[in-house]
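Please look over the sequence and the model below before reading on. The paragraphs that follow go through the strands and then the ligand surroundings.

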Amino acid sequence: MKVLKFGGTSVANAKNISQVKDIVGQTPGDQLVVVVSALGGITDLLLKTADLAASQDKGYQAILKDIEDRHIKAIQELIPIASQSKVLSKVKSELNILETLLEGAYLIGEITPKLSDKIVSFGELLSSYIISEFFIISQLDAVYKDSRELIKTNNNYGKGIVNFEVTNNNCQTYFNQSKHRITVLGGFIASSTQGNSTTLGRGGSDYTAAIISGILNAETLEIWTDVSGMYTANPKIVKQAVAIPHISYEEAMELSHFGAKVLYPPTIQPVLAKGISIHIKNTFEPKAPGTLITENRNGSGKSVRGISHVENMALISLEGPGMVGIPGISKRFFEVLSEANISVVFITQASSEHSICVGIPAVDAEKAVTVINETFEYEIFRGKIKSVKAETDLAIIALVGDNMKSHQGLSGKMFSTLGKNNVNIRAIAQGASERNISAVIKKEDVKKALNALHEEFFEENVKQLNLFVMGVGNVGSKFLHQIQQQKKYLKENLKLNIRVIGISNSRTMFFDESGIPLRNWEDLLVSGAKADKSKFYDQVQKLNFRNSIFVDNTASLEVSKTYSDYLQNSISVVTCNKIACSSEYENYAELKNLARKYNAPFLFETNVGAGLPILDTLKNLIASGDKVLKIQAVLSGSLNFVFNNFNDRVTFHDVVKQAQEQGYTEPDPKIDLSGIDVMRKILILARESGNRLAMDEIENKSFLPEESLAAINNDDFFTSLTKYEESFQALYKHAADKDSKLKYVAQFDEGKASVGLQEIPKGHDFYNLEGSDNIVLFYTERYPNQPMIIKGAGAGAEVTASGIFADIIRIGNF
Ligand code: ADP
Ligand code: ASP
Ligand code: MG
């Protein structure tokens, strides 16, 4: 004997019901009980008609018409025309009764829980009748039975308490005499001893099936639904969740208690007592193995089995200075909640007994506050207890697993994962069985928290990084290209799954929550909304993804001003824009401080030497206890290019022009030639070495004539270069005569920084610096005479993009 239950989606329409018939038809066994839900969504619609009618809103009629249409359509598609009239007339007469009930509610303008149950019971009544007729017509040996005649409850409308004695008798008597192989029952509905329709609570069809299984000693209970089992987290929210092959009754119970809707929590009890296994299966993928729930799960020793969550929770805390002295306070507190029919999902009590805090469904919050404040009116009046308030818009998130008690450090891992992602925790509880750890968080953080925890506990290896990229010009477009090329490698080798969620240039911005396909980002970006830095930030914040990184590939002051917003939301910042780190010292220090405080890396390796690992090396030297004594460097790829190509056969003007055209200078070449760019870089190196230095403290011995420095645009600037050609040639000749080369050198020594053109003699470390290469010499306590040298290509879009990429990977490994 087997019991098969099919949920709302499984019987939502004729096509799905046909699929159900195939599954039932292929199930072996001499006796089957098939329990069905209402057609998907009908229960909600029935409750809505009741609500509207009770508030005297005629809108209920249109919904009633929808309900009618869906049932008639199912009949017309399932039952051959010749046999339709009997089924249609029975269904229409039931719908007429429903209409009369709703009219009554509309006229009176009120609905009682008793009438609500009566109205809502039509969903399962109609579905089970239509399905049984379809089975019979399809040559299955089936019969319809009104489950209200079998399952008896008390008068607790909305969630009747089952009278097992009477129900047991009814079922034994009925099934003993039944001559049919298949019995079709409506789930969820029952009746009181007085014969009124009752229901077993939302999602209660699972419970009906479990009650029948327990009474009839079924060999197994199959729950057929729209997902392939009980998943490691709700698969609608966590894309990476997977079906759990085997799980214990207790784990399933905890997961469903904390919101895994795939199983209605009371379902376990009747089958657990008899040791009947539950098999959760997917109606739309019958071959998938699904989840088996039994007493002894085939545990692989995994500590956390699944993660659940309940949305729409409220927290209520009872606290006050006099609480310890009041006897029986917890008893009264929980009694009053129970009398008001409010289920408590979550409890914590401070060990000092100064407060009790409970999590309850948000819909009950107002009622709870009223009854609690009434109960403790005297104590509140005497100032021993504070009057309670409800905190709403919360959710509970729970880790569940039988083996959790034997693993240390799980709660630490849970809370640090949440903390890293800026998810604030309002309350924490650990079940006495140590089978769950639960935390109350803000509802808006649920998606992020679930995904971050899932990644931590189930995807051990792969970490997802979500990028928001501003600036897709020279560097940015190369960066996107590199990500596209390396995506597969990073996933397989570094276990990093990099997704670009948002991109923007100065004209438009574009977002795709599931990751922008990088093959055609350019077209997508053009189709995006008008670019707006603050709207871009709002969107990043609203999406609230875990491991979010903002990447700035612009040279914009305005963009650099938004870093603090990102960091304060635990969103990491990676930038090749030098403005922030070379701005006022306070701003630089504040950004570093925010990064520490909010656990969000702020990385800018490409600010100095493009893709060369200069800042990272410096950071490692300092972290390991070394101290920087002196820095000497050639830090401008642009200036190096210019002086490597300048001689007495070309003009200075032409060389600078060529550098500009080949992308070796900033769009405004004066920024490079005046030394400002190099000043910024030595400033950043000095600051990262632990010195408090400002831009105006750096000495700049410029080789440019006053007139060039004062040029207001590129044309004027180039004209002035031609005008002073002779002085540039003189610089060249002076050096060449001494067999020296001109290099633009930055230096930091004894707290003082300077930049300027120098004549470098043969044999010096800088002499052979080619093309646009950079070089840095770090003289430190550990490298006092022979400096630590870093040398290589220090400019160009490709290497800069790869430097940004390296920062992203650093964050991935963080
Ligand atoms: P039915 O109508 O078949 O009873 P339900 O809607 O009641 O189906 O339950 C199935 C749904 O439960 C899934 O579609 C999914 O959205 C939700 N769900 C929540 N948590 C989980 C989980 N851990 N595993 C599987 N499904 C879950
Ligand atoms: N139809 C009912 C509901 O939607 C019962 C069920 O489907 O389990 O709550
Ligand atoms: Mg359900």
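Which residue of β17 does Ile397 stand opposite? Ile397 stands opposite Ala439 in β17, where helices (H or I, at least four residues) and strands (E, at least two) are DSSP runs numbered from the N terminus. This is a predicted model, in which local features need pLDDT of at least 70 and side-chain atom pairs count only at pLDDT 80 or more, whereas totals for chains, interfaces and linings use all residues. Residues are numbered from 1 along each chain as its sequence is written, chains are lettered from A and ligands numbered from 1 in the order in which they are written, and side-chain values use heavy atoms, with hydrogens and water left out.

The pairing of β15 (residues 390-400) with β17 (residues 436-442) is antiparallel and extends over seven bridges; two strands are taken to pair if DSSP finds at least two bridges between them. Strand β15 is also joined by eight bridges to β12 (residues 306-319), again with the two strands running antiparallel, and within that pairing Ser308 has Ala398 of β15 as its bridge partner. Strands of a sheet pair through backbone hydrogen bonds, in either the parallel or the antiparallel sense.

Elsewhere, eight strands form an open sheet with mixed pairing, in the order β3-β5-β2-β1-β8-β10-β11-β9. Its edge strands, each pairing on one side only, are β3 (142-145) and β9 (246-248), and the twist from one strand to the next averages 20°. Helix α1 (residues 14-25) lies across β1 (2-6), β2 (32-36), β5 and β8 (220-225), and runs at about 170° to β1; contact here means heavy atoms within 4.5 Å, while the axes are lines fitted to C-alpha atoms, for helices over the stretch in contact, and angles run from 0 to 180 degrees between N-to-C directions.

Another open sheet, also of mixed pairing, has three strands in the order β4-β6-β7, with β4 (152-153) and β7 (197-199) as the edge strands that each pair on one side only. Strand β4 pairs with β6 (residues 189-192) in the parallel sense over two bridges, and Thr153 has Ser192 in β6 as its bridge partner.

Turning to the ligands, of the 16 residues around ligand 1, those that come nearest are Thr225, Asp226, Tyr231, Lys236 and Lys261, a residue being near if one of its heavy atoms lies within 4 Å. The shell around ligand 1 divides into seven nonpolar, five polar and four charged residues. Polar side-chain atoms lie 2.6 Å from an oxygen atom of ligand 1 in the case of Lys236, 2.9 Å in that of Asp226 and 3.4 Å in that of Asn234, a polar contact with a ligand being a pair of N or O atoms within 3.5 Å. Taken alone, ligand 1 exposes 570 Å², of which the protein buries 90%, with accessible areas from the Shrake-Rupley method and a 1.4 Å probe.

Around ligand 2 stand Ser37, Thr43, Glu124, Phe188, Arg202, Gly203, Gly204 and Ser205, a shell of one nonpolar, five polar and two charged residues. A side-chain N or O atom of Thr43 is 2.7 Å from a nitrogen atom of ligand 2, and one of Arg202 is 2.6 Å from an oxygen atom of ligand 2. Gly204 instead places a backbone N or O atom 3.4 Å from an oxygen atom of ligand 2. Taken alone, ligand 2 exposes 260 Å², and the protein buries 86% of that.

Note on methods
Polar contact = N/O pair within 3.5 Å; in protein donor to acceptor, adjacent residues only side chain to side chain. Nonpolar A, V, L, I, M, F, W, Y, C, P; charged D, E, K, R; others polar.
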